[in-house]
Amino acid sequence: MSFPYPLPTTGSISFADFLQDEDNKYFTEISEATAQRGRLRLALKEAKRAEGAKDYNKIIQAIDDYLPYLLAIVDCLKSGEMKSKKEIETSWRCSLSDSILREKPRVVCKGIYYELIFVLLTYGYACSNWASSIISRQSEQEDTNFVAKQAASLLCRAAGVFAYISEQICPKWENPPSSRPPDVYSDISASLSKIVLADASSIAIRKHATQRSSSSLSGKLAIGIAGQYETANGLIKSLKDPSKVCTEFKKYVANGGQFHQALGKKFLAKDASEHQANGQAVGFITEAKDIFRQLSKSKSSAIAEQAAQEYAETSELCHTYTKNNNTYSFDKIPSKADLQTLTPGGRMALDLTKYTPPRSAFGPRKDEVGESVDLLGGRYY
């Protein structure tokens with residue numbers, strides 16, 4: 001399960017209040033852009049009010065319909081085909097900004113790129129939440145591998161969207177206001193890309209582990225996932241004021257790194273035991289057990305439950321490996337430094353799905369080829 005991202009909501013605007021179209025060349029298109037934004041706003045409000053399952057497909061479809069118009073406005077402003085009566089100003093309720101209030105306030109900010117970044121962030125959040133919804137609502141009759149593949153596909157898609165924001169959109173925002181929320185910082189979207197890709201790979205490693213595959217490979221995959229979470233954590237900490245980022249989100253990232261490091265050590269212990277390196281097996285499983293014990297006391301019920309299950313397993317393995325070593329081989333238990341040296345580099349099970357924006361609905365780039373994607377191959381929930 002991925003972090004449950006609160007979907008942003010936004011206030012209403014009319015683009016006609018901000019855009020100057022002297023020849024009325026794009027009068028109809030500007031009106032349609034406002035209408036499409038209104039549909040997205042309504043879809044987000046409905047999702048916020050929904051008590052049960054949310055219709056993420058509807059939200060993603062609304063974004064897909066709005067983006068060609070929003071990108072066209074960006075193109076027209078950049079090329080000079082349109083001018084601003086006044087700088088575009090929109091308000092968005094932030095998902096990752098920390099707040100003492102029960103409901104996070106909407107943050108008003110100027111700039112067309114503020115709007116574009118938040119729309120794309122919402123796209124990524126919806127994909128990630130949809131993946132979690134698919135897994136949590138899986139029925140006994142459904143093919144487990146098929147469901148896992150669908151969820152991982154959505155998360156890889158989200159990773160591509162977040163990477164696109166960080167690499168292609170944030171650098172184009174010239175002189176962004178210092179009052180902007182951390183959600184729209186490049187380092188945050190870069191960290192999000194790594195987090196959801198780690199989430200996707202975590203699904204893949206669970207599938208891999210159930211197929212009685214190589215313990216060594218499973219260990220490398222878990223360590224690779226941990227590295228993604230740790231890099232994301234480093235990006236968040238590199239912000240000028242990391243305290244502005246949601247505490248629960250930061251805990252999720254830190255816990256994810258620790259959990260998968262421990263998972264990697266568990267698999268390395270199994271591999272060592274399989275190769276009669278009993279001292280190494282005891283060393284790795286003891287470290288894994290200690291981390292899982294610590295995480296099992298977490299205030300986050302999701303990570304605590306998973307860690308408790310792993311703690312029970314690693315405790316049994318620790319007892320078995322210690323008994324084997326004390327009875328048969330009497331190997332020296334490696335120190336923490338030695339175990340670190342013995343730990344292999346990580347590998348990633350999956351890669352992000354590169355995001356290509358849709359074709360602009362009008363303006364100077366209208367005829368350029370964009371992308372149309374059916375995220376789940378025609379099967380929706």
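What covers the buried residues of H1? The cover includes strand S1 (19–20), helix H2 (56–79), S3 and H3.

## Basis

This is a predicted model: local features need pLDDT of at least 70, side-chain atom pairs count only at pLDDT 80 or more, and totals for chains, interfaces and linings use all residues. Residues are numbered from 1 along each chain as its sequence is written, and side-chain values use heavy atoms, without hydrogens and water.

## Helix H1

Helix H1 spans residues 27–49, 23 residues in total. Helices (H or I, at least four residues) and strands (E, at least two) are DSSP runs, numbered from the N terminus. From first C-alpha to last, H1 reaches 34 Å, close to the expected 33 Å. The expected span is 1.5 Å times one less than the number of residues.

Buried means under 20% relative accessible area (1.4 Å probe, protein chains only). The buried residues of H1 include Ile30, Arg37, Leu40 and Leu44.

## Strands S3 and S4

Strand S3 (residues 89–93) is mostly covered, with 4 of its 5 residues buried. S3 runs antiparallel to strand S4 (residues 106–110), joined by 5 bridges. Ser91 has Val108 in S4 as its bridge partner.

## Largest pocket

A pocket is an open set of points on a 1 Å grid over the protein atoms alone, where a 1.4 Å probe fits, with protein on both sides within 12 Å along at least five of seven lines; lining residues have an atom within 4 Å of a point. The largest pocket holds about 650 Å³ of space, a volume filled by probe spheres set on the points.

The lining has 31 residues; Met1, Ser2, Tyr252, Ser300 and Ala302 lie nearest the centre. H7 gives the largest share, 7 residues.

Key
Buried < 20%, exposed > 50% of the residue type's maximum accessible area, 1.4 Å probe, protein only. Pairing = 2+ DSSP bridges. Contact = heavy atoms within 4.5 Å.
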